[in-house]
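Visitor: I am new to this structure. Could you show me how to read its features?

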Amino acid sequence: METIWDRTLDQGQYRAEVKRTSDYTGELVVTRVADDEVLLREQVGLAFGAPFGPDIEDVALWEYKTIAA
């Protein structure tokens, strides 16, 4: 699966990643790096199919969900 977006938080303690699952969907996974515990796994949309990277509104939603997790 192609990675569309990824970030680390809190000085590398947490990792968030969105991988493409189809043209217009992806999977957001948030993990704790120390033990690879999955804190959130959720299907998310990819506006316009994200051919050149994610839409800014998608990223804002993913960031919100990541911080909430």
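This is a predicted model: local features need pLDDT of at least 70, side-chain atom pairs count only at pLDDT 80 or more; totals for chains, interfaces and linings use all residues.

Visitor: Which residue does the side chain of Arg 32 meet in a salt bridge?

Guide: First the general idea. Side chains of opposite charge can pair when their charged atoms come close. Here, Arg 32 pairs with Asp 35, at 3.3 Å from N to O. Asp 35 is partly exposed, at 46% relative accessible area.

Visitor: How many salt bridges does a search of the whole structure find?

Guide: The search finds seven. One of them joins the side chains of Glu 42 and Lys 65, at 2.4 Å from N to O. This pair links distant parts of the chain. Glu 42 sits in strand β4 and Lys 65 in helix α1, 23 residues apart.

Visitor: Which residues do salt bridges with shared partners join into one network?

Guide: Asp 6, Arg 15 and Glu 17. Within it, the side chains of Glu 17 and Arg 15 meet at 3.3 Å, N to O. Arg 15 is partly exposed at 31%. Glu 17 is at 19%, and buried means under 20%, so Glu 17 counts as buried.

Visitor: Now the inside. Which residues make up the largest nonpolar core?

Guide: Again, the general idea comes first. In soluble globular proteins, nonpolar side chains tend to be buried together. The largest nonpolar core here has twelve residues, among them Ile 4, Trp 5, Ala 16, Leu 28, Val 59 and Trp 62. Strands β1, β2, β3 and β4 and helix α1 each give two or more residues to this core.

Visitor: Where does Ala 16 lie, and is it buried or exposed?

Guide: Ala 16 is in strand β2. Its relative accessible area is 0%, so Ala 16 is buried.

Visitor: Leaving aside neighbours within four places in sequence, which residues is Ala 16 in contact with?

Guide: Its contacts include Trp 5, Leu 28, Val 30 and Thr 66. For a sense of spacing, take Val 33, which is 17 residues from Ala 16 along the chain. Their C-alpha atoms are 9.9 Å apart.

Definitions and conventions
Residues are numbered from 1 along each chain as its sequence is written. Side-chain values use heavy atoms; hydrogens and water are left out. A nonpolar core is a set of buried Ala, Val, Leu, Ile, Met, Phe, Trp, Tyr and Cys residues joined through side-chain atoms within 4.5 Å. Buried means under 20% relative accessible area, exposed over 50%, partly exposed in between (1.4 Å probe, protein chains only). Helices (H or I, at least four residues) and strands (E, at least two) are DSSP runs, numbered from the N terminus. Contact means heavy atoms within 4.5 Å. A salt bridge is a side-chain nitrogen of Lys or Arg within 4 Å of a carboxyl oxygen of Asp or Glu.
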